[in-house]
Amino acid sequence: MNIIKKLTIVLMLSCVAQFAAAADSVLKTMYIDGVQVAQAMVDGNGLTWPSDYITIGAEGNRGYMYNEYLGKIDDFAIYSGVLSETRVAAHYSARTNYTTYSSAVTADGAKLWLKFDDSSKANNATAVNSGTVTSKNGTYIVTGDGTLATTAGFVAGSNAVEFVGPVSPDGPGSCIDVFDDAGDFGSLLEGDVSVELWVNYTSSADYPRFFQHNGNWEALGGYGVSVNDSNQLIMLGGGVTNYASFPADINNGSWHHVVVTYDSTYEEVIIETGAYAEEIILDNPAYWLRFESETPIDSAVNGANHWVGYGSAASIVSKVGGVGNSVLLNGTNGAGVYGVALAKGPNAPPLVNGSYAVYGDQYALVPGDITIEMWYKTLPVGQPQPSDYGLFFQQHGSYTHEPCAPAVSNATGQIRVFGGSGAGYTGVNPRFDRQWHHLVVTYDANYLGDPDAMFVKVYMDGEWKDDTNFTAARSILGPELSHMLIGAQNDMGNTYNLIPAYYDEIAIYDGLLSADRIAAHYAAWQPQTCEDLVERGYASPMDFNEDCKVNFADFAEFAVNWMKCNDPELSCPPNW
């Protein structure tokens with residue numbers, strides 16, 4: 001089978017959007033004590049690596065652990081690619097001698113290899129990685145409120161780590177947290193990964209995690225292994241959990257060798273897209289802020305005529321790389337009226353005590369499934385920068401109002417989403433790098449037909465980066481303010497927690513946009529012609545004739561203009 005590990009995007013200016021059907025998949029294989037015991041194919045999803053964390057001994061990551069494992073773990077290793085059945089059997093057969101076992105691991109080039117022979121297991125002590133990845137990725141042992149103990153390993157001559165309570169459903173406990181900001185154990189593996197470890201336990205919490213690459217059990221990139229009280233090991237990955245039952249109980253206080261491999265296939269996807277506005281119109285947004293006019297308007301074509309208001313800190317700008325004009329929100333906390341507000345109906349909400357913060361049953365958004373889309377670009381160094389817990393958008397006056405309406409914030413370097421009666425840290429980097437980025441959040445308010453479930457997906461730059469499954473007392477979005485605010489928290493008269501930035505093409509849809517449609521929006525945004533580059537301000541300052549080439553023709557035009565401006569009979573300022 002020819003496996004193509006890439007996504008190809010073809011931009012065509014005059015085409016109506018058409019798509020080749022994606023056929024992504026991941027084949028998960030599990031081995032126990034050197035023998036293959038389970039295999040499962042997930043069609044439609046390969047691993048997509050939504051998180052920068054690997055957590056050993058719990059779900060989540062440091063400071064927010066749950067489904068904690070109690071027991072011993074030894075020689076945790078991650079390999080790039082898929083270990084063969086022969087190699088897995090060879091590793092297990094080498095168990096009688098640690099030197100022989102170490103040679104087997106070394107031969108297969110483990111990228112991460114935690115032997116747990118470190119002298120310290122104290123909170124935040126650095127764990128030694130004996131694999132091929134350098135320590136620049138910051139591997140740490142994190143004990144939380146629990147304890148990590150040193151114990152005898154699976155074979156004479158090795159040490160192991162033991163996770164010793166207390167068990168708490170949320171927060172306290174023990175885990176080993178591996179921070180992988182470079183993607184050495186995630187995106188750089190391109191969907192093919194093998195994980196090996198030794199476990200020894202007799203009891204643990206409900207559905208404890210041996211390990212997990214992210215903080216949500218249904219995430220597409222969530223490779224990991226869990227266990228339940230029915231002697232079933234659970235392979236996570238590809239957005240699907242697969243259960244494997246065994247004839248012998250491995251929850252018996254003896255050492256067992258666990259290996260799980262993931263073989264992802266990404267078929268080529270061709271996206272042919274029209275102009276950006278054409279792609280948005282195809283999905284019929286309920287609200288659409290384009291910022292093409294100094295007069296704030298909703299550009300949705302459905303005739304809704306919603307009210308839009310600009311704070312005094314908002315200004316319309318052009319040639320900053322957006323599609324047409326953009327809105328610039330440039331201010332600091334408490335600096336007067338800030339942001340862009342959007343409300344249901346053609347009129348401004350009524351003022352209450354000088355504020356637009358009006359609670360009630362008026363939906364600024366459509367109740368039920370919605371998609372919120374925006375483009376943003378942070379400001380240069382020296383200008384106001386995003387604050388911790390700054391809001392990209394928020395439809396309520398405070399995150400403490402529960403159940404929460406839709407909101408997305410920057411939570412100390414990662415995206416945090418609100419909705420239903422829950423909130424979740426996604427691990428997605430908000431990318432405040434002064435480049436344009438595409439943020440899309442979908443709210444499925446009746447996930448899998450469950451009226452009490454909320455499923456939220458976060459897309460960054462056209463790709464699904466993370467998801468958070470909210471299980472709430474109710475999944476409907478609300479209560480709501482009479483308006484949504486862009487770039488700040490609270491209301492237009494009292495703003496704080498800001499994200500100063502350029503914003504463009506903010507759209508809200510009644511329903512869930514598919515991954516293909518989101519990818520099409522991202523592709524259509526990219527400059528497609530030389531005229532686009534020039535119009536959006538991407539052209540080089542040396543491209544005097546604006547043909548998107550810097551050559552002798554530009555120098556000739558520069559020389560002619562320079563000579564003209566040095567002619568005493570002409571009145572023009574110097575051009576140097």
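Begin by selecting His-257 and Glu-196, whose side chains are joined by a polar contact of 2.6 Å, a polar contact being a pair of N or O atoms within 3.5 Å in which, within protein, one must be able to donate a hydrogen and the other to accept it, while residues adjacent in sequence count only if both atoms are side-chain atoms. The model is a predicted one, in which local features need pLDDT of at least 70 and side-chain atom pairs count only at pLDDT 80 or more, whereas totals for chains, interfaces and linings use all residues. Residues are numbered from 1 along each chain as its sequence is written, and side-chain values use heavy atoms, with hydrogens and water left out.

Stay with His-257, which lies in strand β18 (residues 256-265); strands (E, at least two residues) and helices (H or I, at least four) are DSSP runs, numbered from the N terminus. His-257 counts as buried because its relative accessibility is 0%, where buried means under 20% relative accessible area, exposed over 50% and partly exposed in between (1.4 Å probe, protein chains only). Leaving aside neighbours within four places in sequence, the residues in contact with His-257 include Tyr-31, Asp-33, His-91, Tyr-92, Tyr-101 and Trp-198, contact meaning heavy atoms within 4.5 Å.

Next, select Tyr-92, Tyr-98, Tyr-101, Phe-154 and Trp-198, which ring pairs link into a cluster; rings of Phe, Tyr and Trp (its six-membered ring) pair if their centres lie within 6.5 Å, and planes under 30 degrees apart count as stacked, over 60 as edge-to-face and the rest as tilted.

By the ring rule the count comes to 23 aromatic pairs, and one of them, Tyr-276 with Trp-525, is edge-to-face, at 5.7 Å centre to centre and 80° between the planes. This pair links distant parts of the chain, with Tyr-276 in helix α3 (residues 276-282) and Trp-525 in helix α4 (residues 515-525), 249 residues apart. Both Tyr-276 and Trp-525 are buried, and Arg-536 lies over the face of Trp-525, at 5.0 Å from the ring centre. Helix α4 is mostly covered, with 8 of its 11 residues buried.

Finally, colour the chain by pLDDT, the predictor's confidence in each residue from 0 to 100; the mean is 77, and 69% of the residues reach 70 or more. Over residues 1-22 pLDDT stays under 50. Where pLDDT is low, the predicted coordinates should not be read in detail.

Terms used:
A charge sits over a ring if NZ of Lys or CZ of Arg is within 6 Å of the ring centre and within 35 degrees of the ring normal.
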